[in-house]
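Work through the exercises below with the sequence and coordinates at hand. Each task is followed by its solution in steps.

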Amino acid sequence: MDAQQALADLTEVSSQIQTAVVFDDKGKVVGSTLPDGEPFARAAADLLAAAEEVNAGSSALTQLEVATAAGSVFVVREGKTTIAATTAPAPTVGLVFYDLKSALRSAKPKPPPKPRPKPAATEPPKAKPKPKPKPKAGPKKPPPPRKKPDAA
C-alpha cells in the first residue's frame, strides 16, 4: 500500500488525527493529508532532532509527543520512514501512537517477493507398484467348548 492510501485509511479509522504526513530520512514527503506537507515534515524532523539532542547517548528516538493547549503533535519513526500527525487537545495518546505505527507499517513499500527457483527438468514420476492382495482367510474355526466349573 502506498503512503497516501495509508494516510487515507488512518484518517478514516482515527477520528483524533487532524493532519498527517509521511516522509523519508531525507525529508522527502511521500504522502500527506495537507496540500503541501513539506513545512510540516520539516517541523517534525526538527522536533525529532531537538529531542535527540536532549536524549544524547541513548538509543535513537522512535516516537515523540508534544502537547500544547491547542493540541498535540505526534512523530513516529521506523527505520528511514517517519510519520507525523496533529490532534486536538487531550488525545488518547496510546491509541494515536498505535494508529500511527500501523499506518507507518502500511505505508512502507513491501519488498519484492523472492523469485521461486524453477523446478529442474525431471522425468515424470513413476507409477507406484500396486500393493499385493492379502490372501483371503478361510472359514473361522469355532471356539473351543467352555469347561464347566466343578461342582463341589
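**Exercise 1.** Find the aromatic pairs and classify the geometry.

Solution. Rings of Phe, Tyr and Trp (its six-membered ring) pair if their centres lie within 6.5 Å; planes under 30 degrees apart are stacked, over 60 edge-to-face, the rest tilted. This rule gives one aromatic pair. The ring centres of phenylalanine 74 and phenylalanine 97 are 5.0 Å apart and the planes stand at 85°, so the pair is edge-to-face. Phenylalanine 74 belongs to strand β4 (residues 71–78) and phenylalanine 97 to helix α3 (residues 93–107), so the pair ties together parts 23 residues apart in sequence. Helices (H or I, at least four residues) and strands (E, at least two) are DSSP runs, numbered from the N terminus.

The model is predicted: local features need pLDDT of at least 70, side-chain atom pairs count only at pLDDT 80 or more, and totals for chains, interfaces and linings use all residues. Residues are numbered from 1 along each chain as its sequence is written, and side-chain values use heavy atoms, without hydrogens and water.

**Exercise 2.** Describe the pairing of strand β1 (residues 17–24).

Solution. Strands pair if DSSP finds at least two bridges between them. Seven bridges join β1 to β5 (residues 81–87), antiparallel, with valine 21 partnered by alanine 84. Three bridges link β1 and β2, also antiparallel.

Note on methods
Buried means under 20% relative accessible area, exposed over 50%, partly exposed in between (1.4 Å probe, protein chains only).
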